[in-house]
Amino acid sequence: MVLNEPERPSEWLGGIPYRLWRANQALHRRVVEAIDDLGLTVTQLGILVHLDELGHMSASDLARLFRLTPQSTTTALNRLEAEEWVRRVPHPIHRRVIWYEVTPEGLKVADEGRKR
């Protein structure tokens, strides 16, 4: 017995949103493969690059920028800090706010990630 198979793709499969989603998935896979041996995730690389290009940021700022939960952002920052690719610095005005900045070693990793 043959199932009813459409002769042409559905409107969804032929549409731009689906194709963009597929392109995004393919690009993400390619980036993951390219940076795999650097020992960091795409999110962690994004954080390093943004801290390098935008300067000091708090975990809350990064969470909003990347549309991540604060917990996910903190997990990523803790990993980057454990590798000594970022460091905490005090906010010059607000004592309760902690900024993160890229270390020289983190900058090397960010630059290599950008190249790839």
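Author: In this predicted model, Tyr-18 and Trp-21 both belong to helix H2, which covers residues 16-35. Because they are 3 residues apart in that helix, about one helical turn separates them. An α-helix has 3.6 residues a turn, so residues three or four places apart point the same way. The structure holds 1 aromatic pair. That pair is formed by the rings of Tyr-18 and Trp-21, whose centres are 5.9 Å apart. Their planes meet at 35°, and the pair is therefore classed as tilted, since stacked rings would need planes under 30 degrees apart and edge-to-face rings over 60. Trp-21 itself is partly exposed, because its relative accessible area of 44% falls between the limits of 20% for buried and 50% for exposed.

The next helix to consider is H3, made up of residues 42-54. Its 13 residues reach 18 Å from the first C-alpha to the last, close to the 18 Å expected at 1.5 Å a residue. The buried residues of H3 are Gln-44, Leu-45, Gly-46, Ile-47, Leu-48, Val-49 and Leu-51. Gln-44 counts as buried because its relative accessibility is 8%, the cut-off being under 20%. Beyond its neighbours within four places in sequence, Gln-44 is in contact with Gly-39, Ala-76, Arg-79 and Leu-80. After H3 comes Gly-55, which has a positive phi near 90°.

The strands complete the picture. Strand E1 (residues 57-58) pairs with strand E3 (residues 98-102) in the antiparallel sense, over 2 bridges; within this pairing, Met-57 has Tyr-100 of E3 as its bridge partner. Strand E2 (residues 86-90) is also antiparallel to E3, and 5 bridges join them. Here Pro-90 stands opposite Ile-98 in E3.

The loop between E2 and E3 contains His-91. This residue is buried, because its relative accessible area is 16% and the limit is under 20%. Apart from neighbours within four places in sequence, His-91 is in contact with Val-97 and Trp-99. A polar atom of the His-91 side chain also lies 3.0 Å from the backbone nitrogen of His-94.

Technical notes:
Residues numbered from 1 in each chain as written. Predicted model: local features only at pLDDT ≥ 70, side-chain atom pairs only at ≥ 80, totals over all residues. Heavy atoms only, no water. Helix = DSSP H or I, 4+ residues; strand = E, 2+ residues; numbered from the N terminus. Buried < 20%, exposed > 50% of the residue type's maximum accessible area, 1.4 Å probe, protein only. Contact = heavy atoms within 4.5 Å. Expected span 1.5 Å × (residues − 1). Pairing = 2+ DSSP bridges. Polar contact = N/O pair within 3.5 Å; in protein donor to acceptor, adjacent residues only side chain to side chain. Phe/Tyr/Trp six-rings, centres within 6.5 Å; stacked < 30°, edge-to-face > 60°.
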